[in-house]
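Look at the sequence and structure first, then read on.

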Amino acid sequence: MITPTAPSPTPRAAAAATGPTVAIDIGGTKIAGALVHPDGTMSATTRRATPRGVDAEGVMAAVAEVVADLSESPLWASAVRCGIGSAGPVDTSRGTVSPVNIGAWRDFPVQERVAAELAARGAELPAVLAGDGVAMTAAEHWLGAARGYANALCMVVSTGVGGGLILNNQLHPGPTGNAGHIGHISVAFDGEPCACGGRGCVESIASGTAIARWALDQGWKPSAGSGRGAAHDTTAAGVAAAAAQGDPIALAAFDRAGRALAAAIAASATLVETDIAVVGGGVAAAGDTLFGPIRSHLAQYATLSFVRELQVVPATLGTHAGLIGAAAAATMLLSPAAPAPTA
């Protein structure tokens, strides 16, 4: 009797284990690209400034230049997939983006257009679109602070507040790619209106813009030398610098933001039983000025037995999270039954 043997992997499947991922990171200030390898290292990195004062095709031209740069790498022919991380809103069901900070793109079919640029350069690859919060989540789970955790909430606290979820070691972007968008959980029933149309959203309290606005409304005045060396820094960085020096209004602004984040983190963890919350973005650079209030207030909200041990930690990948995340998201979403990439 002949014992049947398992089929040999196809050439593409074998290559997928070793070939690089084309990663594109699209933001309001830069459009970056790299070939990201299975161990998380990057090669052929390139970037362009995000064009201003141009139409949709003018922005796409910069993306095409990034793809063209990558295609000159000797490793281009061995690429196996493409991940596109973009500022949002995104709609991954249609492959479109409408970034708040790229006004020329509204419902722009970025996934289709990038795939066409790849094909034009001899790389007909499967491509995945992910919002920047989801990409950051994939990155932190692969190589960052959420590595080794089966269930995680990762979030970006910056000009806005975004995020993503890892559930059972799988990236969970949802039908349109917006699951885990913690910034628009309402935490203040009588809170001020949010730009999204809701009321009392986390983003309207804890974003860098909201922190600075609230502090200024309460009478805070930046002193010379506070924040990034600027004489009168009225951004959240200036508020953080003032808080570090003991300014009571600045401290109150961060306490308020930390409480909003703690409430949303606890609600999310209670809903899906996450083990860890990873916080990145420009506002997280304030360190204990932000994390102290989050952890302090979390004890008031995460009271059930299965969320009491929830950890809140800073993200670790920084500026590399966009490209690494685009690659990690593509790897995880194009192979949903496969484990997360391993370094």
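## Terms and model

A residue is called buried under 20% relative accessible area, exposed over 50% and partly exposed in between, with a 1.4 Å probe and protein chains only. Helices (H or I, at least four residues) and strands (E, at least two) are DSSP runs, numbered from the N terminus.

The model is predicted: local features need pLDDT of at least 70, side-chain atom pairs count only at pLDDT 80 or more, and totals for chains, interfaces and linings use all residues. Residues are numbered from 1 along each chain as its sequence is written, and side-chain values use heavy atoms, without hydrogens and water.

## The sheet

Two strands pair if DSSP finds at least two bridges between them. An open sheet of five strands runs in the order E3-E2-E1-E4-E7, with mixed pairing. E3 (42-49) and E7 (127-131) are the edge strands; each has a single partner strand, so one side of each is left without a neighbour in the sheet.

## Strand E1

E1 (residues 21-26) pairs with E4 (residues 81-86) in the parallel sense over six bridges. In E4, Gly85 is the bridge partner of Asp25, and Cys82 is that of Val22. With E2, E1 pairs in the antiparallel sense, also over six bridges; Val36 of E2 is the bridge partner of Thr21. Three residues lie between E1 and E2 in the hairpin they form.

Which residues of E1 point one way, and which the other? Thr21, Ala23 and Asp25 point one way, Val22, Ile24 and Ile26 the other, and all are buried. Six of the six residues of E1 are buried, so this strand is largely enclosed by the rest of the structure.
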